[in-house]
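User: I would like to go through the terms used for this model and see what each one rests on.

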Amino acid sequence: MADTSPGAGFRCGYAAIIGRPNVGKSTLLNRLVGQKVSITSRKAQTTRHRVSGIVTTPDAQVVFVDTPGFQTKHRSRLNDRMNRAVTQCLADVDATVLVLEAGRITDADRAVIRLLPAGARVVVALNKIDKPPSSDVDKLIAGEHTKLGHLRPRITPLSAKTGEGIDELCDAI
């Protein structure tokens, strides 16, 4: 006889939200949680410490960890410390949400992608789909898949700003 009590099959885990500065990590966390828990700004490096937000559904609970943007251009003690926070966070989570800007993968994005170990559970949040000149999301996804190196993640197009694609991202996670 199957267990039908509350909590049967309930799952819980941690998911890191990572990416280069200004791809929308904090905006995504705020959208996922449904309220402002992380500061958002156009200024890079606004998030300097890990910020957590919890999402609970009938069958799961996910603790999302918003990390500082992984900095590759400017070396400083602060940036080194924030980068270390990102890499340490990756060791402590069950899944990773890699946030990339739709239609634009940079060298900084590639540096973040190289941080991810082969076999890592990764969902790519292809953010800012409301901004690219091309509205053909399928072509964007096909183009991004070829740039992701050793990863073969599920790519979920979304707009953290408008909320489009958020349900699909949650399902993927």
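Analyst: A contact here means heavy atoms within 4.5 Å. The model is a predicted one. With that cut-off, what covers the buried residues of α3 includes β1 (11-18) and β4 (95-101).

User: Which residues of α3 are buried?

Analyst: In α3, residues 107-115, the buried ones are Ala108, Asp109, Ala111, Val112 and Ile113.

User: What makes threonine 106 a cap of α3?

Analyst: A side-chain oxygen of threonine 106 lies 3.2 Å from the backbone nitrogen of alanine 108, at the N-terminal end of α3. A polar contact requires N or O atoms within 3.5 Å, so the pair at 3.2 Å qualifies.

User: Why is threonine 67 called buried?

Analyst: Buried means under 20% relative accessible area. Threonine 67 has 0% relative accessibility, so it counts as buried. Threonine 67 is found in the loop between β3 (60-66) and α2 (77-91).

User: What does the side chain of threonine 67 reach?

Analyst: It reaches the backbone oxygen of isoleucine 17, at 2.7 Å.

User: How much of the protein chain is buried?

Analyst: By the under 20% criterion, buried residues make up 46% of the 173 residues. Among contacts with a separation of 6 or more, 67% are between residues 24 or more positions apart.

Methods. Residues numbered from 1 in each chain as written. Predicted model: local features only at pLDDT ≥ 70, side-chain atom pairs only at ≥ 80, totals over all residues. Heavy atoms only, no water. Buried < 20%, exposed > 50% of the residue type's maximum accessible area, 1.4 Å probe, protein only. Helix = DSSP H or I, 4+ residues; strand = E, 2+ residues; numbered from the N terminus. Polar contact = N/O pair within 3.5 Å; in protein donor to acceptor, adjacent residues only side chain to side chain.
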